[in-house]
Every structure is written in C-alpha cells, then in structure tokens.
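Here is a report on one chain. It covers confidence, strands, a helix, a loop residue and an aromatic pair.

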Amino acid sequence: METTRHFTATTYVVHEGAVALHEHDGVGTWLPPGGHVDRDELPHETAVREVREELGIDVELVAEVGDVEGNTVEPLPQPRHFQLADVNVTEQGVGHQHVDMVYYARAPHREVDPADGEQPAEAWTWFDGEDLATDDRLDADVVAIGRRAIEAVSDRR
C-alpha cells in the first residue's frame with residue numbers, strides 16, 4: 001500500500017490558562033484547530049488561518065523566529081513540534097499521513113465564532129491543565145502538548 005502524505009499545521013490556542021479543543025467529526029478524537037497547508041501558504045500562515053476559520057479568533061503566534069537570513073533567505077516562525085500523524089490506518093497499512101507543524105498561539109478572548117461550514121461554537125471546549133490531566137477522552141499527545149502550550153504561552157506574557 002502506498003502512503004500519501006500532506007503537510008499540515010496545528011495550533012494550540014491558549015487564553016487564560018486553557019486550550020481550545022473539539023471532537024473532530026472526521027477523526028473522532030479531540031484536537032486543536034488545524035488543517036492542510038495550501039499551495040500558496042507558509043505553515044505559520046496556515047496555523048493562523050485555520051484558527052480564524054475554525055474558532056473565528058485572530059491569534060498571535062508564540063514562536064521563535066530564526067536569526068539566519070540573507071538575500072534569498074527569510075527566517076520563519078518555528079513550530080514547537082514537528083510530527084508525523086497516521087490518519088488513515090487499515091489492515092493493509094497506513095494509507096495517509098500528516099506531516100504536522102504544531103504551533104502555540106495566544107488568543108485575546110474565548111468567544112468562538114466559526115466560519116460557515118466549520119463545526120459550531122458548541123463543539124469547542126476550553127481545557128485548563130487540570131482538565132487536560134483528568135479527561136480520559138483526550139489522547140496522551142494532545143494532553144502533553146496542550147499542557148506545554150499553556151505553560152509556554154503563560155510564561156511569555
């Protein structure tokens with residue numbers, strides 16, 4: 001079986017010590033906003049766009065920017081995590097994977113107002129550190145990264 005791979009960007013959005021997650025209707029697991037990097041986009045642009053579409057919130061990325069630049073090189077905001085996610089797994093093998101760049105972002109509020117065609121506002125829940133640690137609906141990687149995002153964004157006020 002041939003495995004297809006797409007580049008994606010995911011954003012852990014933090015406001016006052018909590019991250020926004022929803023039960024993804026296609027995957028059936030709790031995830032932060034994210035999606036495929038479009039042909040004309042850079043990954044950090046995708047991260048911000050997906051949050052705007054899914055949550056209706058304009059966020060500020062909390063990301064280091066490289067310090068090496070030149071006539072043909074521009075440093076970009078760096079993802080906090082770079083991971084490979086199996087999306088379509090069958091008995092025949094892994095059919096599809098996401099090469100995912102994970103960012104952290106600061107939100108100015110928690111009012112969720114998704115764009116048309118996105119999951120409704122009621123699908124989103126804000127999880128603080130204790131919620132992340134005790135909610136058995138969440139995958140271990142979402143818990144670990146969510147807690148790190150809360151800590152990192154809270155430290156950079």
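## Basis and confidence

Helices (H or I, at least four residues) and strands (E, at least two) are DSSP runs, numbered from the N terminus. This is a predicted model, in which local features need pLDDT of at least 70 and side-chain atom pairs count only at pLDDT 80 or more, while totals for chains, interfaces and linings use all residues. Residues are numbered from 1 along each chain as its sequence is written, and side-chain values use heavy atoms, with hydrogens and water left out.

The chain's average pLDDT (the predictor's confidence in each residue, from 0 to 100) is 93. Of the residues, 97% score at least 70. Strand β6 (residues 81-90) has the lowest confidence, with a mean of 89. Helix α1 has the highest, at 98.

## A loop residue

Gln119 sits in the loop between β7 and β8. Its relative accessible area is 18%, so Gln119 is buried. Buried means under 20% relative accessible area, exposed over 50%, and partly exposed in between (1.4 Å probe, protein chains only).

Which side chain does Gln119 join by a polar contact of 3.0 Å? That of His22. A polar contact is a pair of N or O atoms within 3.5 Å; within protein, one must be able to donate a hydrogen and the other to accept it, and residues adjacent in sequence count only if both atoms are side-chain atoms. The Gln119 side chain also reaches the backbone oxygen of Glu23, at 3.2 Å. Leaving aside residues up to four places away in sequence, Gln119 touches His22, Glu23, His24, Asp25, Pro114 and Trp124. Contact here means heavy atoms within 4.5 Å.

## Strand β7 and its partners

β7 is mostly covered, with 12 of its 14 residues buried. Strands pair if DSSP finds at least two bridges between them. β7 pairs with β1 in the parallel sense, over 11 bridges. Val13 stands opposite Ala105 of β7.

β6 and β7 run antiparallel and share 9 bridges. Ala85 has His98 of β7 as its bridge partner. A hairpin of 2 residues connects β6 to β7. β5 also runs antiparallel to β7, with 2 bridges. There, Glu60 is the bridge partner of Arg106 in β7.

## Helix α1

α1 covers residues 43-55, 13 residues in all. From first C-alpha to last it reaches 18 Å, close to the 18 Å expected at 1.5 Å a residue. The expected span is 1.5 Å times one less than the number of residues. Just after α1, Gly56 takes a positive phi of about 75°.

The helix is mostly covered: 10 of its 13 residues are buried. Among them are Pro43, His44, Arg49, Glu50 and Glu54. Ala47, Val48, Val51 and Leu55 are also among the buried residues. What do the buried residues of α1 pack against? They pack against β1 (4-15), β2 (18-23), β4 (34-36), β5 (60-61), β7 (93-106) and β8.

## The aromatic pair

The structure holds 1 aromatic pair. The ring centres of Trp30 and Phe127 are 5.5 Å apart and the planes meet at 80°, so the pair is edge-to-face. Rings of Phe, Tyr and Trp (its six-membered ring) pair if their centres lie within 6.5 Å; planes under 30 degrees apart count as stacked, over 60 as edge-to-face and the rest as tilted.

Trp30 belongs to strand β3 (residues 30-31) and Phe127 to strand β8 (residues 124-128), so the pair ties together parts 97 residues apart in sequence. Trp30 is buried, at a relative accessible area of 8%. Phe127 is buried too, at 2% relative accessibility.
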